[in-house]
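Please have the sequence and the coordinates open as you read.

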Amino acid sequence: MASGYGWGGGRSRCFAYWQEFQKCYARADFPTECRPQGDDYLECLHHTKEAARAKAIQDEFIRQAEAKAKEGQKTADILSDGVIVGVGLIQRGQDQSK
């Protein structure tokens, strides 16, 4: 809350950002000079950048999981076609006399 008091009666979590923005706005010749402080205060209030980062991370995680699933599906398709796949018990191309 802009008044500086949170729901529980104490200072709000964003009060320090509000003070920095207010201090800059009082000293600035042009209001646009205080854009970074205003952005910090709004981010503290609404968490828009944090939510966007979390969504980007979640989207990338889902994309990678789908790629791994698709790769696993290709392997399963090859195995289901009846192609003989080596399991590593016989070493081919090396000396068999050992």
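## Basis

This is a predicted model: local features need pLDDT of at least 70, side-chain atom pairs count only at pLDDT 80 or more, and totals for chains, interfaces and linings use all residues. Residues are numbered from 1 along each chain as its sequence is written, and side-chain values use heavy atoms, with hydrogens and water left out.

A salt bridge here is a side-chain nitrogen of Lys or Arg within 4 Å of a carboxyl oxygen of Asp or Glu. That rule gives three salt bridges.

## Helix α1

Lysine 23 pairs with glutamate 20. Their closest N and O atoms are 3.6 Å apart. Both residues sit in helix α1 (residues 15–27), three residues apart, so about one helical turn separates them. Helices are DSSP runs (H or I, at least four residues), numbered from the N terminus.

Both partners are partly exposed: lysine 23 has 40% relative accessibility, and glutamate 20 has 42%. Partly exposed lies between buried (under 20% relative accessible area) and exposed (over 50%), with a 1.4 Å probe and protein chains only.

## Helix α3

Helix α3 covers residues 48–80 and holds lysine 55 and aspartate 59. These two form a salt bridge, with 3.2 Å between the closest N and O atoms. They are four residues apart, about one turn of the helix. Aspartate 59 is partly exposed, at 37%.

Arginine 63 and glutamate 60 also lie in helix α3, three residues apart, about one turn. Their side chains meet in a salt bridge at 2.6 Å, N to O. Arginine 63 is partly exposed at 46% relative accessibility; glutamate 60 is partly exposed at 33%.

Key: Helix = DSSP H or I, 4+ residues; strand = E, 2+ residues; numbered from the N terminus.
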